[in-house]
Each structure stands twice: as structure tokens, then as C-alpha cells.
Amino acid sequence: MRLGDWCTTAGRQLLDSVLPPLCLGCNEIVGEPGALCATCWPGFSFISSPQCTRCGAPFAEAIGAGVQCGACLRRPPRFRRARAALVYDDTSKQLVLPFKHGDRTDMARACGRWMARAGGALLAEAELIAPVPLHWRRLFTRRYNQALLLARAAARSSPGRLAPDLLRRARWTGSQAGLRAEERRENVRRAFDLHPRWVDAVRNRTVLLVDDVLTTGATVEACALALQRGGARHVDVLTLARVVRAA
Ligand SMILES: [Zn+2]
Ligand SMILES: [Zn+2]
């Protein structure tokens with residue numbers, strides 16, 4: 001942590017100890033830190049069952065246990081299971097974007113708790129927990145990898161070991177925004193590789209990948225590919241939010 005970041009964190013912790021806790025959605029005063037107020041809470045779409053057993057997409061109604069969605073049946077994803085705490089919509093965007101581009105790193109703990117609720121089974125089985133890495137160019141402008149903050153927070157609810165630098169960006173892929181699913185997959189194919197110091201540790205392990213938002217899944221699938229090439233037994237995915245398309 002840089003000195004400036006440390007001062008910000010320390011300063012915030014000091015402020016947190018003297019100021020009343022604020023709602024993560026609207027900054028109104030709430031009873032405890034890392035909470036949503038009674039007005040904001042109902043606006044957030046937390047994902048729970050019934051859902052696709054593979055990718056975690058919520059179903060409108062219960063179809064039965066162990067059912068996969070049409071998208072997973074048509075094209076099985078590279079990961080074993082994916083789960084997300086929230087539907088990525090206009091409401092959760094208000095939470096995710098400041099966390100991603102601003103300095104609301106204090107949200108990580110609450111987000112980690114929500115992710116633990118959504119992905120309890122994944123966290124229980126995880127042996128290594130790794131964030132989707134940012135390219136250093138983006139890390140430089142953003143100062144922190146929000147996926148690492150989430151991975152660290154979620155790892156509190158897991159016996160697994162946090163592996164912050166398990167994966168590296170092998171090449172600059174530019175922004176994924178505006179690309180269609182196929183284009184995204186092509187753009188990030190072979191964009192990741194294993195950090196040499198984890199090459200032995202990853203073999204035969206169950207790895208949990210953590211990111212902020214699951215969009216098309218192209219990025220986590222490229223990460224899963226790198227992990228599978230390295231001999232990982234299973235790759236699961238846990239994100240704070242995910243895009244849900246109308247069936
Ligand atoms: Zn609120
Ligand atoms: Zn699915």
C-alpha cells in the first residue's frame with residue numbers, strides 16, 4: 001500500500017470511528033457500517049435460487065434442482081459454477097461504479113458479506129481464491145484492483161488461500177466495453193497466464209476466481225482457460241454483480 005493510500009485508509013478508519021455509518025447506496029445515516037438504508041435495500045436485486053446450477057442466472061420460477069439455463073446448455077462455459085450477489089442494473093451500478101472508479105474501497109467488506117451469502121458453497125470448496133487481474137496500465141490509473149479487494153473480503157468466509165497474483169495479464173486487451181460476446185472472447189483469448197510462483201500450487205486445486213461484474217463471461221473464461229492449462233481441477237467464479245439478460 002502506498003503512503004497516500006495508507007493515509008486515506010487510516011483517515012477513513014478514524015472518521016468511521018467518530019462519524020455515524022452511512023448507507024452504501026445514498027449516504028444517509030444507518031445503524032451499522034456497510035449497510036443499506038430501508039429505502040435503498042428493496043431497490044437492490046439480490047440473486048438467490050431458483051437459478052441456473054451452472055452460471056447462476058436467476059430463473060423467474062422454480063424449474064427443479066440442478067437445471068441449467070439455455071445459454072449454458074447451448075454453450076457450456078469453461079468454469080464449473082458462477083455465482084453473483086446482485087443483478088447488475090441501474091441500482092447496483094450506483095454501488096459498483098464508485099467502487100470501481102472512485103475511492104469507495106470501504107465498501108469491500110459489505111460486498112464480501114453479500115458475495116459470501118451468494119457463493120457460500122463455492123467459498124467452502126475453494127482452495128485458492130484469485131482476483132481477475134488488471135493490466136498494470138489500468139492499475140496505474142485506478143490505483144487499486146477492485147477484484148482483489150473483493151477477493152480479500154470474500155476470502156474471510158473461506159478456508160481457501162488468497163492468491164492475489166495467481167493470474168497475470170499477458171497482454172493489453174483494451175476496453176471490453178461495446179464489444180459483443182464473440183468479440184470479447186476473441187479479444188481476451190490468451191490474455192492471461194499463471195504467475196510462475198503459483199505454477200506448482202495450482203495443480204489439482206479448486207480455484208475460485210473473483211471479479212466485480214460478470215458481463216458476458218469472456219474474461220473469466222479466459223482466466224479459467226489459463227488455470228485449466230496450468231492443471232487446476234475446478235474453476236468457480238464469484239462476482240459482486242452480474243448482467244442478467246431476458247430469457
Ligand atoms: Zn440508502
Ligand atoms: Zn446458465
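Buried residues are those under 20% relative accessible area, exposed residues are over 50%, and partly exposed residues lie in between, using a 1.4 Å probe and the protein chains only. The views show a predicted model, in which local features need pLDDT of at least 70 and side-chain atom pairs count only at pLDDT 80 or more, while totals for chains, interfaces and linings use all residues. Residues are numbered from 1 along each chain as its sequence is written, ligands are numbered from 1 in the order in which they are written, and side-chain values use heavy atoms, with hydrogens and water left out.

**View 1. The site of the zinc ion (ligand 1).** Cys-23, Cys-26, Cys-37 and Cys-40 each coordinate this ion through SG at 2.3 Å, donors being N, O and S atoms within 2.8 Å of the metal (3.2 Å for Na, K and Ca). Their spacing along the chain is C-x2-C-x10-C-x2-C. Cys-23 is buried, at 0% relative accessible area, whereas Cys-26 is partly exposed because its relative accessibility is 34%.

**View 2. The site of the zinc ion (ligand 2).** Here the protein donors are the SG atoms of Cys-52, Cys-55, Cys-69 and Cys-72, lying 2.3 Å from the ion, and they follow the spacing C-x2-C-x13-C-x2-C. Cys-52 counts as buried at 0% relative accessibility, and Cys-55 is buried at 9%.

**View 3. The surroundings of Thr-206.** Thr-206 is buried, with a relative accessible area of 5%. Leaving aside neighbours within four places in sequence, Thr-206 is in contact (heavy atoms within 4.5 Å) with residues including Arg-80, Glu-125, Arg-233 and Asp-236.
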